[in-house]
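Hi there,

Here is the structure I promised to pass on. Please have a look at it first, and then read my notes below.

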Amino acid sequence: MRFSRTLIPTLKETPAEAEVISHQLMLRAGFIRKLAAGIYTWLPLGYRVLRKVEAIVRQEMDRAGAQEMLMPGVQPAELWQESGRWEHYGKELLRFIDRHEHGFCLAPTHEEVITDLVRREVRSYRDLPLNLYQIQTKFRDEIRPRFGIMRAREFLMKDAYSFDVDEEASAESYRQMHAAYQAVFDRLGLRYRAVEADTGSIGGSFSHEFMVLAATGEDDIASCTACDYAANVEKAEVVLAGGELPAPSQEMASVATPGTHTVEAVARFLGVEPRAVAKTMIYMADGKPVAAMVRGDREINEIKLKNLLKAAEVVLASPTVIAEVTGGPLGFSGPTGLKIPIYADQELYRQAAWVVGANQADTHLTGLHLGRDVPTARQADLRSVVADDPCPRCGGQLTLDRGIEVGHIFRLGTKYSLALGANYLDAEGLSKPIVMGCYGIGVSRIVAAAIEQGHDANGIIFPLAIAPFSLAVLPMSASGPAWDEAQRLYQELTAAGLDVLIDDRDLRPGVKFKDGDLLGIPYRLVVGEKGLKAGQVEFKHRASGQVEMLPLNEAVAYVVNLVRDHGGQSL
């Protein structure tokens with residue numbers, strides 16, 4: 001492909017709207033352009049990257065035995081009402097009414113549609129197992145779409161669904177998809193981890209997220225240094241060493257703490273460490289108030305609290321509700337005297353005395369003993385893991401990394417088949433619910449994640465497998481021997497099956513070099529008059545910056561073999 005005949009509108013300056021590096025570089029490299037909030041047009045080079053990701057995903061899904069299909073992007077409200085998610089999915093579900101006054105939504109996911117299809121077409125155990133997938137546009141009406149493609153409202157996704165006769169067979173389908181996902185991300189050339197995760201609004205009993213490791217990632221990942229345990233911090237368990245609640249060591253006493261609204265302020269005022277304070281947070285769980293307690297230097301994991309309560313929604317209570325429930329203002333809540341359920345993190349039961357709020361302005365309590373003073377509190381794992389916590393599997397040490405979720409697989413069980421009546425007849429003629437799994441990959445999100453993981457001050461550093469082109473040929477002049485030789489190399493490399501971009505613009509070499517680096521093309525052949533006189537061309541590796549001088553008569557074979565050996569693919 002010739003640069004001069006391709007729409008590659010690169011930008012020198014970073015657009016003010018772009019916050020994260022992937023958004024900045026995708027705009028600067030001319031990969032995308034914004035149409036509306038969270039909605040983007042993919043330009044030719046960005047679309048080439050997207051198609052290469054899509055090709056790898058499709059090949060590995062097919063290899064795993066999944067069958068490709070395509071479902072509508074507009075879904076009837078009746079299906080979502082039947083599954084119970086029409087009201088519970090939230091405002092991310094973009095609902096609308098057609099001219100016949102029928103309710104519809106733009107598809108954020110396809111569990112209802114695929115289950116409806118299977119309940120109509122599958123009759124017998126002989127029709128199972130079955131795994132169906134699609135690569136299709138989804139829409140989720142994010143309240144704050146941001147970070148470009150990373151958290152867009154419209155995005156490209158691969159979603160697959162497995163259907164089996166029982167949990168054992170479903171577990172095998174899950175294992176096969178887990179292996180297929182590993183193959184996908186291995187081929188993409190990305191550093192990633194598969195981590196245990198919360199099932200969220202999709203539901204089900206078990207799930208793994210596939211996280212691309214990047215310092216700018218949105219999620220924290222806990223990984224063990226001694227075994228293969230890894231989990232999203234929303235899911236990661238905190239396992240404490242054995243021990244019992246110590247006996248009370250002092251009497252509970254009320255102390256004046258004027259103006260101390262935070263744990264840090266209370267600790268400073270009383271001359272103690274924040275770890276000696278237990279903070280009490282008031283939440284609304286499906287509209288009902290509950291109290292959750294955790295050590296002052298820890299954070300409450302709201303996902304754990306939500307799962308513990310089996311609640312659809314858990315949010316912090318308003319100051320008005322806090323005053324009604326506790327009798328005191330925000331910043332002074334404590335567990336004593338509360339008439340609502342109280343949940344205390346297990347770590348609080350390892351210490352005999354705590355500083356807590358007194359449910360009264362400018363007042364705290366010292367010497368609180370959970371067993372003596374709050375006997376109704378229920379012990380639970382409520383806090384987020386931190387670095388150096390023990391591994392829940394082997395007792396080793398946990399470390400924390402940042403990651404970007406690009407894939408999520410679920411064991412759904414019979415959640416949707418029971419709700420929608422997707423059954424099969426077994427060998428004895430008995431009707432049984434189909435056991436399901438769900439497997440998603442954010443195809444467009446992978447492009448942004450790859451850039452977050454691979455970039456430098458000069459631009460994008462794409463893995464070879466998904467780069468818009470494997471190689472850029474840069475003639476140092478637009479005429480003469482260098483131009484003629486560059487065209488010959490371009491034609492021979494293209495004929496050999498490589499994706500090649502020749503920068504045929506009549507511009508200074510420095511401009512071409514800058515654009516080549518910005519676009520993230522893995523390899524570059526520079527053809528100049530000086531090198532040609534020595535019978536050589538310059539070959540540069542984008543990722544390492546390594547420069548080699550190749551003999552002119554060996555350059556094509558060398559580059560072709562290198563690209564093929566390292567997993568390059570052509571469109």
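What follows is a short tour of the cores, helices, sheets and a few backbone details.

First, some ground rules. This is a predicted model, so to speak of local features I needed pLDDT of at least 70, side-chain atom pairs count only at pLDDT 80 or more, and totals for chains, interfaces and linings use all residues. Residues are numbered from 1 along each chain as its sequence is written, and side-chain values use heavy atoms, with hydrogens and water left out.

**Cores**

A nonpolar core here is a set of buried Ala, Val, Leu, Ile, Met, Phe, Trp, Tyr and Cys residues joined through side-chain atoms within 4.5 Å. Buried means under 20% relative accessible area, exposed means over 50%, and partly exposed is in between (1.4 Å probe, protein chains only). The largest such core has 63 residues, and the members that touch the most others are Phe31, Leu188, Phe462, Ile466 and Leu519. Apart from that core lies another of 26 residues, including Ala482, Ile502, Val556 and Val560. In soluble globular proteins, nonpolar side chains tend to be buried together.

Contact means heavy atoms within 4.5 Å. Setting aside neighbours within four places in sequence, phenylalanine 31 has contacts that include Trp42, Leu43, Val49, Ile460, Phe462 and Leu519.

**Two helices**

Helices (H or I, at least four residues) and strands (E, at least two) are DSSP runs, numbered from the N terminus. The expected span of a helix is 1.5 Å times one less than its number of residues.

Helix 6 (residues 167–188) has 22 residues and reaches 31 Å from its first C-alpha to its last, close to the 32 Å expected. Aspartate 166 caps its N-terminal end, with a side-chain oxygen 3.3 Å from the backbone nitrogen of glutamate 168. Just after helix 6, glycine 189 has a positive phi of about 80°. Among the buried residues of helix 6 are Tyr174, Met177, Tyr181, Val184, Phe185 and Leu188.

Helix 13 (residues 481–495) has 15 residues and reaches 21 Å, close to the 21 Å expected. Helix 13 is followed by glycine 497, whose phi is positive, near 100°.

**Two sheets**

Two strands pair if DSSP finds at least two bridges between them. Axes are lines fitted to C-alpha atoms, for helices over the stretch in contact, and angles run from 0 to 180 degrees between N-to-C directions.

An open sheet of five strands has the order 28-27-29-30-31, with mixed pairing. Strand 28 and strand 31 (547–551) stand at its edges with a single partner strand each, so one side of each has no neighbour in the sheet. Neighbouring strands of this sheet are turned by 25° against each other on average, direction ignored. Helix 13 packs on the sheet, touching strands 27, 28, 29 and 30, and its direction makes about 165° with that of strand 28. Strand 29 and strand 30 run antiparallel and are joined by four bridges; tyrosine 523 stands opposite histidine 541 in strand 30.

An open sheet of three strands has the order 4-6-5, with antiparallel pairing. The twist averages 35° from one strand to the next. Strand 5 and strand 6 (residues 103–106) pair over three bridges, and phenylalanine 96 has phenylalanine 104 in strand 6 as its bridge partner.

**A buried aspartate**

Aspartate 159 lies in strand 8 (residues 154–164) and is buried, with a relative accessible area of 0%. A polar contact is a pair of N or O atoms within 3.5 Å; within protein, one must be able to donate a hydrogen and the other to accept it, and residues adjacent in sequence count only if both atoms are side-chain atoms.

**Backbone details**

Most residues other than glycine have a negative phi, and most peptide bonds are trans. The peptide bond from leucine 128 to proline 129 is cis, with omega near 5°. Phi is positive at aspartate 286, near 50°, and at asparagine 359, near 55°. Aspartate 286 is partly exposed, at 44% relative accessible area, whereas asparagine 359 is buried, at 10%.

Happy browsing!
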